[in-house]
Amino acid sequence: MSYPASPGQHDTSGEVVLGVDTHKDVHVAAALSIHGVLLGSQSFPTTAAGYRAMLCWAATLGQVSRAGVEGTHSYGAALTRHLHSAGIAVIEVSRPDRAQRRRRGKTDTIDAEAAARAVLSGQATALAKTSDGHVERIRLFKLAKTSAIKARTQAINQLKAVLIGADTALRDSMTGLSLPKLVRRCADLDPSNADDLVSAAAYTLRLLARRVTELTHEVDDLNRRITDAINAHTPELLRRHGVGPDTAAALLLAAGDNPRRLTSEASFAALCGVSPIEMSSGKTQRRRLNRGGDRHANSALYIIVLARLRWDTRTRAYLDRRVSEGKTRREAIRCLKRYVARELYELITQPTSSTAA
C-alpha cells in the first residue's frame, strides 16, 4: 500500500539513477528507478553531442539527480565535468566485485547497471572530483614535470655511460667535474665530423648535454607555474613550516577542485592514509599504520614531518615524548602526520585567493 508523502518529504517517485561504464570511444549508460528496476540502457559516443544525448535520453525516463560513473579521472573525466555542469551529483564507482562478475558475466551494460546499483544501495558514496579548476591546472603541470624529470634523469645516465666508454683523452678532460660543469663542458664540445669514434662520442655527448639543459629549463618553468598556481588560490599553504610546492601540490591533488566533498578533517586524513586502523583483539588494544589512501599525499605528509623534525623543536619534543611513552618512532611519526593533515585541512578546504585580498 502506498502512502502520500508528507509536506516536508522529498518526492523521489520519479527519480532515476544513472550508471555509466566509460570507454575511450563509447560510454554505456543504464538507468534504474528508485526501486531498483532497470528502465533501459544505451550506448553514446564520447563527444559533446553524445553527452547531451545521454542526458536527454535519461530525462525521458525520469528526473536524474545522481549518476555513478566508472573512471572519473580517465575515460570519464570529460563526462564528469559535463554532468557537474548540468547539476547532477557524480558518484565515483569502482569496478564491480570480481566474485559477482564471475557469477553474472561481463558486458558493458552489466557494468553500467552495477554502477547505478552501487549508488542506489549506498555502496558507492564518494563524490567525484570536479577537475575544472586550479587543482586540475596543477595536476597537468605536475604531470609534465614528472615526465621531464624522468627524461632528464635518463639523459644524464646515458651521458655518463657514453663518457665511460669514450676515448681516454676525452674522458680524462671530464674527470672530477661536478654534474652542472660536466653538462656545460659536454654541451660546448665541437666535433668536427662524426666519421670516427671520437667525433661520434663527442657529438653524442653534446646532444645529450643540450637535452639535459633544455629539460632543466622546462622543469624550472613548470616549478614556477606550479608555485604561482598554488599561491593564487591557497597562498597560506606554502607559508606553513615544511610545506613546499611539490608537497602542497600532492595534497591539493588528493583533495581535488571540490575539497568540500570531504565531510571532515578525519575524512581527509583517511584519504591521505594517515587515519589509525584498529588492530585490537582480546587483551591487546592497539592501532596500526594505515596502508591505504592516496600514497602520494601520504608521502607528502611524511616529507613535511621529516622537515619539521629537523628544524622544529616542538615537533622533536613531541616525538621524544611519545617514544618515551612506549610508542615506536614509526607510530609517533604516524601521529605527527595525522596532526599535519588536520592542520592543513582547513587551508585546503577554505582557500584564500591572493588575487581577492
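The model is a predicted one.

Start with the helices. Two packed helices are described by the angle between their axes and the distance between the axes. Take H1 and H2. Helix H1 covers residues 48–59 and helix H2 covers residues 77–85. Their axes come within 10 Å and cross at roughly 50 degrees. The crossing of H1 past H2 is right-handed.

Next come H8 and H10. Helix H8 spans residues 197–233, and helix H10 spans residues 245–255. The two pack at an angle of about 60 degrees, and their axes are 10 Å apart. That makes H8 oblique to H10. The handedness of the H8 and H10 crossing is left-handed.

Helix H13 runs over residues 313–324, and helix H14 over residues 329–349. The axes of H13 and H14 come within 9 Å, with a crossing of roughly 135 degrees. H13 and H14 are therefore oblique to each other. H13 passes H14 in a right-handed crossing.

Now turn to charge pairs. The structure holds 16 salt bridges. One of them joins the side chains of Arg-66 and Glu-15, at 3.1 Å from N to O. Arg-66 sits in strand S4 (residues 63–70) and Glu-15 in strand S1 (residues 15–21), so this pair ties together parts that are 51 residues apart in sequence. What about cover? Arg-66 is partly exposed, with a relative accessible area of 24%. Glu-15 has a relative accessible area of 11% and is buried.

A second salt bridge links the side chains of Asp-108 and Lys-106, at 3.6 Å from N to O. Asp-108 is partly exposed at 30% relative accessible area. Lys-106 counts as partly exposed too, at 43% relative accessibility.

Glu-343 forms a salt bridge with Arg-240, and their closest N and O atoms are 2.9 Å apart. Glu-343 lies in helix H14, while Arg-240 lies in the loop between helix H9 (235–239) and H10, so the pair ties together parts that are 103 residues apart in sequence. Glu-343 is partly exposed, with a relative accessible area of 27%. Arg-240 is partly exposed, at 27% relative accessibility. This pair belongs to one network: salt bridges that share partners join Glu-236, Arg-239, Arg-240, Arg-308 and Glu-343.

Which residues form a nonpolar patch on the surface? They are Val-37, Leu-39 and Leu-61, with about 220 Å² of accessible area together. Leu-39 belongs to strand S3, residues 38–45. The relative accessible area of Leu-39 is 36%, so this residue is partly exposed. That value also clears the patch cut-off, because patch members need over 30% relative accessible area.

Some single residues complete the tour. Ser-131 is not a glycine, yet has a positive phi of about 55 degrees. Its place is in the loop between helix H4 (108–121) and helix H5 (134–164). Ser-131 counts as buried, at 14% relative accessibility.

Ala-116 lies in helix H4. Is Ala-116 buried or exposed? Ala-116 is buried, because its relative accessible area is 0%. Ala-116 and Ala-254 are 138 residues apart in sequence, and their C-alpha atoms are 25 Å apart in space.

Asp-220 takes the reader back to helix H8. Asp-220 is partly exposed, with a relative accessible area of 34%. Between Asp-220 and Val-135 there are 19 Å in space, C-alpha to C-alpha. In sequence, Asp-220 and Val-135 are 85 residues apart.

Terms used:
Residues numbered from 1 in each chain as written. Predicted model: local features only at pLDDT ≥ 70, side-chain atom pairs only at ≥ 80, totals over all residues. Heavy atoms only, no water. Patch = residues over 30% accessible without salt bridge, like charges linked within 9 Å, V, L, I, M, F, W, Y side chains within 5 Å. Areas by Shrake-Rupley, 256 points an atom, 1.4 Å probe, with all protein chains shown as cover. Salt bridge = Lys/Arg side-chain N within 4 Å of Asp/Glu carboxyl O. Helix = DSSP H or I, 4+ residues; strand = E, 2+ residues; numbered from the N terminus. Buried < 20%, exposed > 50% of the residue type's maximum accessible area, 1.4 Å probe, protein only. Axes fitted to C-alpha atoms, helices over the stretch in contact; angles between N-to-C directions. Parallel < 35°, antiparallel > 145°, perpendicular 65-115°, else oblique. Left-handed = near helix turned anticlockwise from the far one by under 90°.
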